[in-house]
Amino acid sequence: MNLFSEKYILGSAYVFFEQDYYNRNQIFVLQEGKYFSNLIEECYGMEYFITDEKNNLLISVNWYVIEILSNK
(Lines give C-alpha, C1' and ligand atoms only; values in the text may rest on other atoms or scores of the structure.)
Protein backbone atom coordinates (compact mmCIF):
# COMPACT_ATOMS: atom_id res chain seq x y z
CA MET A 1 0.00 0.00 0.00
CA ASN A 2 1.34 3.45 -0.92
CA LEU A 3 0.74 5.84 1.98
CA PHE A 4 0.74 9.57 1.27
CA SER A 5 3.26 10.36 4.02
CA GLU A 6 5.77 7.86 2.62
CA LYS A 7 5.50 9.47 -0.79
CA TYR A 8 5.44 13.17 0.09
CA ILE A 9 7.12 13.76 3.45
CA LEU A 10 10.89 13.60 3.60
CA GLY A 11 12.36 14.35 7.02
CA SER A 12 10.21 15.74 9.80
CA ALA A 13 6.45 16.31 9.55
CA TYR A 14 4.88 19.37 11.18
CA VAL A 15 1.22 18.76 11.95
CA PHE A 16 -1.45 21.34 12.88
CA PHE A 17 -4.73 19.99 14.21
CA GLU A 18 -6.69 23.18 14.79
CA GLN A 19 -6.50 26.78 13.79
CA ASP A 20 -8.57 28.37 16.53
CA TYR A 21 -7.19 31.00 18.87
CA TYR A 22 -6.32 28.63 21.73
CA ASN A 23 -4.42 26.04 19.71
CA ARG A 24 -2.95 28.08 16.89
CA ASN A 25 0.63 27.86 18.17
CA GLN A 26 0.58 24.12 18.94
CA ILE A 27 2.43 21.95 16.45
CA PHE A 28 3.06 18.21 16.59
CA VAL A 29 6.47 17.34 15.13
CA LEU A 30 7.20 13.80 14.00
CA GLN A 31 10.91 13.37 13.26
CA GLU A 32 10.29 10.54 10.77
CA GLY A 33 7.39 12.09 8.86
CA LYS A 34 7.10 9.19 6.45
CA TYR A 35 5.47 7.21 9.28
CA PHE A 36 2.66 9.71 9.92
CA SER A 37 0.07 7.74 7.93
CA ASN A 38 0.84 4.63 9.98
CA LEU A 39 0.52 6.60 13.20
CA ILE A 40 -3.01 7.82 12.50
CA GLU A 41 -4.42 5.02 10.35
CA GLU A 42 -7.07 4.13 12.96
CA CYS A 43 -8.05 7.75 13.71
CA TYR A 44 -11.04 8.36 11.48
CA GLY A 45 -12.76 11.70 11.12
CA MET A 46 -9.80 13.89 12.02
CA GLU A 47 -8.96 17.10 10.21
CA TYR A 48 -5.37 18.29 10.10
CA PHE A 49 -2.66 19.99 8.06
CA ILE A 50 0.88 18.74 7.47
CA THR A 51 3.97 20.48 6.13
CA ASP A 52 7.65 19.63 5.97
CA GLU A 53 10.66 21.39 7.48
CA LYS A 54 11.09 23.72 4.51
CA ASN A 55 7.39 24.34 3.84
CA ASN A 56 7.73 22.73 0.42
CA LEU A 57 4.23 21.33 0.65
CA LEU A 58 0.96 21.59 2.51
CA ILE A 59 -1.25 18.56 2.96
CA SER A 60 -4.80 19.23 4.08
CA VAL A 61 -6.82 16.27 5.33
CA ASN A 62 -10.49 16.27 6.26
CA TRP A 63 -13.14 13.57 6.48
CA TYR A 64 -13.56 13.31 2.74
CA VAL A 65 -10.40 14.29 0.89
CA ILE A 66 -6.64 14.69 1.04
CA GLU A 67 -5.38 17.76 -0.83
CA ILE A 68 -1.69 18.26 -1.52
CA LEU A 69 -0.09 21.52 -2.66
CA SER A 70 3.59 21.51 -3.50
CA ASN A 71 6.00 24.19 -4.70
CA LYS A 72 8.38 21.63 -6.21
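**Questions on a predicted model**

Author: Glu67 touches Leu58, Ile59 and Ser60, leaving out residues up to four places away in sequence. The model under discussion is a predicted one.

Reader: What makes these count as contacts of Glu67?

Author: Contact means heavy atoms within 4.5 Å. Leu58, Ile59 and Ser60 are touched by Glu67 in this sense.

Reader: Where is Glu67 placed?

Author: Glu67 belongs to strand β5, which covers residues 66-70. Between Glu67 and Tyr14 there are 53 residues of sequence separation, and their C-alpha atoms are 16 Å apart in space.

Reader: Why is Glu67 called partly exposed?

Author: The relative accessibility of Glu67 is 47%. Buried means under 20% and exposed over 50%, with partly exposed in between. The value of 47% therefore makes Glu67 partly exposed.

Reader: Which residues are in contact with Ile59, leaving aside its neighbours within four places in sequence?

Author: The contacts of Ile59 are Phe4, Tyr8, Ile9, Tyr48, Phe49, Ile50, Ile66, Glu67 and Ile68. Ile59 is also one of the 12 residues in the largest nonpolar core.

Reader: What makes that set of residues a nonpolar core?

Author: The largest one here is made up of Phe4, Ile9, Ala13, Val15, Leu30, Phe36, Ile40, Tyr48, Ile50, Leu57, Ile59 and Val61. At least two core residues come from each of β1 (13-16), β3 (48-52) and β4 (57-61). The largest share, three residues, is that of β4. In soluble globular proteins, nonpolar side chains tend to be buried together.

Reader: How many helices and strands does the protein chain have?

Author: The protein chain has two helices and five strands. Their order along the sequence is α-β-β-α-β-β-β.

Reader: Why is the protein chain called as compact as a globular protein of its length?

Author: For 72 residues the globule rule gives 11 Å, and the radius of gyration of the protein chain is 12 Å. The value is close to that of the rule, so the chain is as compact as a globular protein of that length. Its C-alpha atoms fill a box of roughly 35 × 25 × 20 Å along the principal axes. Of the 72 residues, 29% count as buried.

Reader: Why is Lys54 called exposed?

Author: Lys54 has a relative accessibility of 68%. Exposed means over 50%, so Lys54 is counted as exposed. Lys54 sits in the loop between β3 and β4. Lys54 and Gly11 are 43 residues apart in sequence, with their C-alpha atoms 9.8 Å apart in space.

Reader: What makes Asn55 exposed?

Author: The relative accessible area of Asn55 is 54%. That value is over the 50% cut-off, and Asn55 is therefore exposed. The loop between β3 and β4 holds Asn55. Phi of Asn55 is near 55 degrees, which is a positive value in a residue other than glycine.

Reader: Why is Gln26 called partly exposed?

Author: Gln26 has a relative accessible area of 49%. Gln26 lies in the loop between β1 and β2 (28-30). Gln26 and Leu3 are 23 residues apart in sequence, and 25 Å separates their C-alpha atoms in space.

Reader: How far apart are the mean positions of the positive and negative charges?

Author: For the 5 positive and 10 negative charges of the protein chain, the mean positions are 11 Å apart.

Key
Residues are numbered from 1 along each chain as its sequence is written. This is a predicted model: local features need pLDDT of at least 70, side-chain atom pairs count only at pLDDT 80 or more; totals for chains, interfaces and linings use all residues. Side-chain values use heavy atoms; hydrogens and water are left out. A nonpolar core is a set of buried Ala, Val, Leu, Ile, Met, Phe, Trp, Tyr and Cys residues joined through side-chain atoms within 4.5 Å. Buried means under 20% relative accessible area, exposed over 50%, partly exposed in between (1.4 Å probe, protein chains only). Helices (H or I, at least four residues) and strands (E, at least two) are DSSP runs, numbered from the N terminus. The radius of gyration is taken over C-alpha atoms; the globule rule is 2.2 Å times the number of residues to the power 0.38. Lys and Arg count as positive and Asp and Glu as negative; His and the chain ends are not counted. The place of a charge is taken as NZ of Lys, CZ of Arg, CG of Asp or CD of Glu.
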